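Let's take a friendly look at how this model is put together, starting from the inside and moving out to where the chains meet.

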Amino acid sequence: MIMPERILEQYKQHLKRGVRFIASVSMILLTVVSVSIVVGSAEVGFVELYQLLTGKGTAFSAQIVYQIRLPRIIGGMLAGTALATSGAVVQSLLRNPLASPFTLGISGASAFGAAFAIIVLGAGSTYESSNDASAIDNPYLVTSSAFLWSILSVAVIILVSKLRDTLPETIVLAGIAVSTLFGAGISAMQYFADDIQLASIVFWTFGDLGRATWEYVMILGISLVPIMIFFHYQTWNYKSLRAGDEYAKSLGIKIDWVRLSGMLAASLATAIVVSFFGVIAFVGLVVPHIVRKMIGGDDPMTLPASAVFGGMFLVGSDTLARTVISPVMLPVGILTSFIGAPLFLFLLLKNTHKAYWS
Amino acid sequence: MKIAIHNLNFSYNGSRVLENVSNCIEKGDFVTLVGPNGSGKSTLIKCMAGILKTKNGTVRIENRKIESVLPADLAKQMAYVPQSEHRTPVFTVFDQVLLGRKPYFNWRPGKRDLAVTSRVLRDLRLEHIAMNDVHRLSGGQRQAVIIARALAQEPDILLLDEPTSNLDMKHQIEILEILKSLAQNGVTIIIALHDINMAIRYANRIIMLKRGRVFTAGGREIITVENLENLYEVKVSIVKQGEHQFVIPCGHRNETEK
């Protein structure tokens with residue numbers, strides 16, 4: 001007979017597996033960040049970076065590193081963390097592997113909000129930069145509008161589920177309805193837009209970390225960190241819901257509150273990211289699955305591991321997007337799908353014996 | 001811990017499922033709920049567990065209405081084992097059992113929660129599969145894990161909804177033996193069972209439900225041909241072997257009369 005102490009020891013060893021995974025991904029993240037600082041259309045080598053850190057760098061390299069690349073990298077880390085964690089939470093809450101905050105129509109609503117600001121509120125299209133066919137001359141108005149419309153979509157879904165029931169199926173179906181509605185709204189906006197307005201809308205909908213400034217990073221950090229802490233605090237409530245609503249209720253958990261507050265927080269986090277950087281597909285949907293495949297389905301470490309992996313994945317994708325056909329910088333939203341889809345397919349084919357979702 | 005049900009009524013979308021159900025169950029009782037499909041066994045269990053709320057009638061634990069007890073406190077007194085879990089989360093056995101400690105912790109399990117989980121796994125002889133994925137277990141092992149999860153709540157009352165319905169005879173007996181020993185240690189067991197022979201063998205009290213009402217309730221003396229034939233509307237005979245009695249279904253009542 002194995003003594004309880006021995007079982008406990010085995011469990012601690014099991015938990016360490018998740019910790020080791022997080023540590024490995026963190027190391028990769030650090031490497032990716034280092035590479036991301038030095039590569040790009042403007043040359044800043046490791047030597048120059050060292051000189052910069054020791055106070056001997058040039059004004060040019062300081063400008064590139066401190067004002068362009070670092071906000072972009074930190075913004076990317078925060079955005080990737082928020083999208084991946086929100087995706088993992090929503091999948092757990094709705095017990096649906098295809099769920100993500102995007103399934104709930106947040107990206108559609110956000111894109112509609114941006115289009116609304118560009119066309120109706122005149123926030124874009126009048127200015128043409130040398131790099132882009134069109135640009136947005138009032139990004140704050142576009143961002144605010146995108147955020148407000150995405151919050152409106154979340155409010156509609158939560159209202160519908162409150163009026164009817166908070167069953168996962170109701171929330172998913174309400175999300176699909178809202179998503180379709182905003183999709184039609186975007187099409188209508190595009191139909192009435194002139195060429196430059198149309199280009200501005202399309203440009204905005206490509207997720208792009210190049211819009212990051214220190215101001216953006218500050219706002220992102222202040223709003224996203226409390227949401228991430230909230231998710232971490234709720235981990236075991238989310239695990240209970242995965243075992244079924246009736247069972248969770250029998251544990252004394254207020255399932256409606258847990259589900260709605262989790263949905264609201266995940267939607268808020270996604271809405272904040274999307275309104276700053278545009279639509280970055282795939283991270284929220286697939287990163288949690290990649291993590292589950294690697295460390296096990298509903299492991300206690302799933303949320304923190306998704307957070308670190310999401311940050312690493314987005315910064316890595318962005319680095320590639322900036323360099324793969326340099327000097328042209330691709331929007332990261334395109335690269336995330338190009339990298340994530342084959343990676344996920346590979347993982348699906350590998351270790352087919354290991355259950356990771358039910 | 002004593003549990004008393006008084007004039008309990010429950011309806012799903014206007015259709016009455018339980019009607020004036022009353023009974024009093026004492027500490028350490030092993031009570032089986034028996035009756036045909038749709039007689040209200042599962043609903044009664046869920047009402048007692050506080051999962052389904054009803055305004056008509058009361059469920060009291062030690063003279064306190066369950067509505068007046070905080071949900072987390074109720075979960076420390078009473079554990080519920082669902083009929084089946086179609087979507088078992090991809091947990092290890094240890095994590096699955098640890099989930100039963102949720103009423104005792106907020107954001108993460110403490111030392112005592114981990115210690116209780118280890119002890120329950122040892123008591124149920126599941127320690128060798130503690131780190132296995134629940135999905136990889138046989139039906140019997142999985143059911144034992146779900147019962148272990150309920151025991152991790154350290155409950156005084158255990159409510160089980162058909163916990164042996166998908167198990168072979170060996171595993172049915174194993175699970176029921178575990179429950180019997182719990183009852184001998186003072187845990188009140190209330191279990192919905194389809195297998196009338198298992199119900200007779202293990203219970204010291206039987207509640208027969210028919211169309212949402214208590215048809216009859218009592219000790220093994222209520223196991224009579226007349227009661228069972230009226231309850232299930234089939235012909236039965238009862239065979240005695242030593243101190244045990246066995247119910248044998250003999251066909252549909254009308255069919256046999258022809």
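## The nonpolar cores

In this predicted model, the largest nonpolar core holds 158 residues. The members that touch the most others are A:F231, A:F277, A:F309, B:F30, B:L158, B:L179 and B:I189. Helix α3 of chain A (residues 59-94) supplies the largest share of this core, with 15 residues.

Which residues does B:L179 touch, leaving aside those up to four places away in sequence? They are B:F30, B:L158, B:L160, B:I189 and B:I191.

## Where the chains meet

On the chain B side, 39 residues are in contact with 34 residues of chain A. The size of an interface is often expressed as the accessible area lost when the parts come together. Here chain B and chain A bury about 3400 Å² between them, and 66% of that lies on carbon and sulfur atoms.

How many salt bridges does the rule find across the interface of chain B and chain A? It finds one: the side chains of A:E246 and B:K46 meet at 3.0 Å, N to O. Five residue pairs across the interface are in polar contact, with both residues at pLDDT 80 or more.

Turning to the side of chain B that touches chain A, α2 (71-77), α3 (93-98) and α4 (111-123) of chain B each supply at least two residues. The most come from α4(B), which gives five residues. By type, the residues on this side of chain B divide into 19 nonpolar, eight polar and 12 charged.

Conventions. Residues numbered from 1 in each chain as written. Chains lettered and ligands numbered in written order. Predicted model: local features only at pLDDT ≥ 70, side-chain atom pairs only at ≥ 80, totals over all residues. Heavy atoms only, no water. Contact = heavy atoms within 4.5 Å. Buried area = accessible area lost by both parts, 1.4 Å probe. Salt bridge = Lys/Arg side-chain N within 4 Å of Asp/Glu carboxyl O. Polar contact = N/O pair within 3.5 Å; in protein donor to acceptor, adjacent residues only side chain to side chain. Helix = DSSP H or I, 4+ residues; strand = E, 2+ residues; numbered from the N terminus. Nonpolar A, V, L, I, M, F, W, Y, C, P; charged D, E, K, R; others polar. Core = buried A, V, L, I, M, F, W, Y, C linked by side-chain atoms within 4.5 Å. Buried < 20%, exposed > 50% of the residue type's maximum accessible area, 1.4 Å probe, protein only.
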